[in-house]
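Hi everyone, thanks for coming.

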Amino acid sequence: MPLQPDSLTTHSLFHEDCLETSKRLPDSSIDLIYADPPFFTGRIYSMNGCSFDDKWTNATEYIDWLKPRLNEFKRILRPTGSIYIHCDWHLSHYIKVLSDSIFGMNNFVNEIIWKRQSAHNDSKQGSKHFGRIHDTILVYAGSQRYVWNQQYTPYDEAYVEKTYKYVEAKTERKYAVGDLTAPGGASKGNAHYDFLGVERYWRYSEVKMRELFKKGRIEHATGKVPLLKRYLDEMHGKPVQDIWGNINLEFAKKGRYPTQKPEALLERIIATSSNHCQIVYEPFAGSSTAGIVCHKLLRRWIGSEISKEACKFTIERFNKTGFEIQLIPHQENNRNIELTKV
Ligand SMILES: C[S@@+](CC[C@H](N)C(=O)[O-])C[C@H]1O[C@@H](n2cnc3c(N)ncnc32)[C@H](O)[C@@H]1O
């Protein structure tokens with residue numbers, strides 16, 4: 001089936017090796033790559049009529065296989081883009097060294113520890129190691145200009161009670177108070193002046209401090225150091241850190257693909273590192289969880305999947321949700337993929 005130039009305005013799943021798809025994509029054309037390759041587990045995964053083989057002779061064979069694919073991902077990634085490489089304890093350290101050499105150590109953003117289970121205990125079967133309950137996700141940027149939409153989680157109740165313990169009498173708004181004095185004093189170039197009868201090095205200029213005071217943002221009791229008021233209802237929540245445990249696991253869901261990842265995990269990745277209408281590439285698509293989430297979050301999506309059953313699984317998954325998708329069989333003629341601007 002010939003590929004129409006405007007065909008990639010919808011979701012497109014390429015049934016082929018992601019090396020082939022990547023080679024046909026233009027340089028610097030992808031905004032976000034979520035790569036969830038086989039992990040070198042030595043297992044054959046089989047579930048719900050789908051299977052894939054994760055058996056390798058040794059780590060060198062695996063790394064030699066991954067390297068040309070990561071090289072292509074680097075070529076197609078925009079300077080404003082990011083790549084998330086999902087792996088686990090088996091080879092995350094080898095993959096980090098390889099990825100540093102391809103994407104550049106300077107572009108390394110995070111090692112995310114995703115706690116995918118609360119406990120895993122094989123000790124009754126004789127295991128002699130701590131429970132292996134996390135995956136590792138390595139994040140690299142295309143350059144220092146990468147897209148970043150900070151994500152937040154709700155504060156926990158104990159923190160709110162401890163920190164936002166004041167209530168404004170007039171408005172009944174909960175607030176916390178914070179220091180207005182400047183750490184580092186003169187050495188950091190902070191201004192020194194008298195504010196409301198208190199002489200200190202202050203965090204803000206005198207003009208800004210007066211403005212804050214006028215807006216009722218400064219708490220002041222005679223003889224005490226003025227403090228900044230932070231209202232709870234204006235806070236986004238807790239900025240997301242690099243250990244992710246509060247993801248809905250969905251593992252109990254019936255009829256899932258082997259190693260299928262939770263939509264909530266992909267929601268966080270896609271919302272953080274891409275904007276509306278940008279192009280997300282999922283090279284080891286499996287059941288195309290990133291594809292489903294892209295539909296919900298209004299991103300364009302390209303997937304590659306080598307297994308025919310997995311492609312069929314994805315089509316059925318999209319059909320169930322009523323989302324549109326087109327399956328593109330392997331193109332022997334190596335036709336280049338054109339991406340339309342939106
Ligand atoms: C860990 S699973 C991905 C699971 C996926 N993230 C999900 O949520 O369903 C890895 C997938 O990569 C596929 N795969 C392996 N080698 C591939 C290749 N060279 N090109 C494209 N897909 C490949 C496997 O068939 C398998 O479906």
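**Strands, helices and a ligand shell**

Two strands count as paired if DSSP finds at least two bridges between them. Within this pair, histidine 86 has isoleucine 137 of β7 as its bridge partner.

Before going on, some housekeeping. This is a predicted model: local features need pLDDT of at least 70, side-chain atom pairs count only at pLDDT 80 or more, and totals for chains, interfaces and linings use all residues. Residues are numbered from 1 along each chain as its sequence is written.

Now the wider view. The protein chain has eight helices and 19 strands; these are DSSP runs numbered from the N terminus, H or I of at least four residues for helices and E of at least two for strands. Its C-alpha atoms fill a box of roughly 80 × 55 × 40 Å along the principal axes. Of its 342 residues, 31% count as buried. Buried here is 20 or more other C-beta atoms within 10 Å of a residue's own, with C-beta atoms placed from the backbone.

Back to our pair. β5 and β7 belong to an open sheet of nine strands, ordered β16-β6-β7-β5-β2-β17-β18-β1-β19, with mixed pairing.

Helix α3, residues 92-103, lies across β5, β6 and β7, at about 5° to β7. Helix α7, residues 289-296, lies across β2, β17 and β18, at about 170° to β18. For those angles, axes are lines fitted to C-alpha atoms, for helices over the stretch in contact, and the range is 0 to 180 degrees between N-to-C directions.

Which residues touch the most other members of the largest nonpolar core? Ile33, Tyr34, Ile83 and Val280 do, out of 44 residues. A core is a set of buried Ala, Val, Leu, Ile, Met, Phe, Trp, Tyr and Cys residues joined through C-beta atoms within 7 Å. Tyrosine 34 touches Tyr84, Leu266, Ile269, Val280, Glu282 and Ala290, leaving out residues up to four places away in sequence; contact means C-beta atoms, placed from the backbone, within 7 Å. Apart from that core lies another, of eleven residues, including Cys50 and Phe313.

Beyond its neighbours within four places, cysteine 18 is in contact with Arg69, Pro283, Phe284 and Ser304. Its C-alpha atom is 6.8 Å from that of glutamate 305, 287 residues along the chain.

Phe284 turns up again at the ligand: 20 residues surround the ligand, and Phe52, Phe284, Gly286, Ser287 and Thr289 are the closest. A residue is near if its C-beta atom, placed from the backbone, lies within 6 Å. By class, the shell has nine nonpolar, seven polar and four charged residues. Nonpolar covers Ala, Val, Leu, Ile, Met, Phe, Trp, Tyr, Cys and Pro; charged covers Asp, Glu, Lys and Arg; the others, Gly among them, are polar.

One last stop: β3 and β4 form a hairpin with two residues between them, and asparagine 48 in the turn has a positive phi of about 50°.

Key. Contact = placed C-beta atoms within 7 Å. Buried ≥ 20, exposed ≤ 12 C-beta atoms within 10 Å, placed from the backbone.
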